[in-house]
Amino acid sequence: MSEHTFHLTVVTPEQIFFEGDIRSMIVPGGAGSFGVLANHAPIISTLLSGRLVLTTVEGKKRTLKIGPGFLDGLNNEVTLVTETVTPMDSEQSD
Amino acid sequence: MAETLRELKSRIRSAKKTQQITKTMQMVAASRLKKSESVFKKSQPYHEKMELILSHLMESSQGISHPFFDSREVKTVGLVIVTSDRGLCGGYNANIIARAEAFLKDAGSRNIQLILIGKKGYDYFKTREWPILYKYLDLAGKPDYQRISDITQELIEAYLSRTLDEVNVLYTNFVSALTNKPVLKKFLNLQQEKEGLKSDFIFEPDLEGIIDAFLGRQIASRMYSALLESFTAENASRMVAMKSATDSAKEMIDRLTLKGNKARQAAITKEILEIVTAGEAMKA
């Protein structure tokens with residue numbers, strides 16, 4: 001893992017939806033939308049249902065629609081738990 | 001001759017039919033086991049991550065008050081008993097019920113409220129002395145996360161309204177296809193850690209808000225995992241029970257066939273003997 005990426009796991013009760021290294025992500029936090037980059041301070045946040053935008057290691061953007069959930073980040077190990085995830089048009093910009 | 005050849009033949013036929021049925025049920029159970037085991041395994045990462053977040057939250061939770069952290073005097077104990085809806089699964093339900101009986105015996109003066117998941121448990125407990133708070137008989141071995149989340153919500157409400165002071169869940173641990181064992185877990189009351197912070201987490205929006213929103217989901221996740229595990233164990237247990245029924249049917253068929261062969265031989269010997277004796281008598 002290079003120093004500008006971090007490991008993300010997106011899980012739902014049914015499956016692991018995404019697991020891999022990414023550069024950045026924007027999540028619909030309970031206190032407002034926020035971005036996460038590598039070496040983020042330890043954080044636990046609630047998530048509202050909304051749009052999750054990931055930037056992969058290759059620089060591609062992926063957009064996922066998530067239900068309410070939680071985000072836990074510690075030592076470049078970010079976990080996003082939610083009850084529902086559906087992919088949206090991925091490679092299009094919005 | 002104890003049984004005529006004809007009687008033996010009809011018994012063999014019926015044993016063969018039974019064997020065919022149990023064999024089919026064994027195969028159905030085996031395929032269901034495969035499916036439910038894979039659903040169970042796939043649900044584990046979510047369960048583990050929820051536990052991880054819980055441990056992070058609990059590290060920082062000193063001084064936070066939440067009904068789930070209260071240590072209250074336990075007057076009424078809720079016991080959730082997970083059984084199957086259908087029978088023919090060996091000792092699966094019997095083991096759970098025996099464990100439940102042991103728990104109820106130990107409960108002493110505390111009030112008990114039963115929450116029954118599965119028809120078999122309901123059939124057993126509906127005529128017993130303990131009051132039944134809720135019963136869920138429609139899961140049919142196919143746990144759906146949303147449904148279980150609703151069930152959990154009802155339990156949480158019962159806890160918050162002090163209908164229940166403690167909730168225990170009795171379900172079956174799936175160790176392997178051949179071994180399952182009933183386990184009892186306390187679900188709602190959480191132990192707050194006394195030690196200091198390990199990492200300085202930022203909490204968004206704030207710790208109380210997160211804990212409030214998180215704990216309900218956390219318990220639903222535990223319940224979901226427990227039910228998936230139970231259903232997997234049920235299928236495994238049914239598969240094993242049907243396999244041993246098939247084996248016994250085979251043994252019975254072998255035994256009856258042997259008996260039938262002996263009877264046929266005896267009949268033939270007797271007939272020859274009669275002809276020979278008659279022939280000898282004619283000569284004389």
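The points that follow concern one helix of chain B, one residue within that helix, and the two domains of the chain.

1. The model is predicted: local features need pLDDT of at least 70, side-chain atom pairs count only at pLDDT 80 or more, and totals for chains, interfaces and linings use all residues. Residues are numbered from 1 along each chain as its sequence is written, and chains are lettered from A and ligands numbered from 1 in the order in which they are written.

2. Helix α5 of chain B covers residues 207–283, which is 77 residues. Helices here are DSSP runs of H or I with at least four residues, numbered from the N terminus. From first C-alpha to last, α5(B) reaches 113 Å, close to the expected 114 Å; the expected span is 1.5 Å times one less than the number of residues.

3. Ile219(B) lies in α5 of chain B. Ile219(B) is buried because 24 other C-beta atoms lie within 10 Å; the cut-off for buried is 20 or more such atoms, with C-beta atoms placed from the backbone. Leaving aside neighbours within four places in sequence, Ile219(B) is in contact (C-beta atoms, placed from the backbone, within 7 Å) with Thr152(B), Ile156(B), Phe187(B) and Leu188(B).

4. Chain B is divided into domain 1 (17–23 + 240–283) and domain 2 (27–191 + 200–239), with bounds from an automatic or database domain assignment. Their centres, taken over C-alpha atoms, are 53 Å apart. The contact takes 5 residues from domain 1 of chain B and 11 residues from domain 2 of chain B.

Definitions and conventions:
Buried ≥ 20, exposed ≤ 12 C-beta atoms within 10 Å, placed from the backbone. Contact = placed C-beta atoms within 7 Å.
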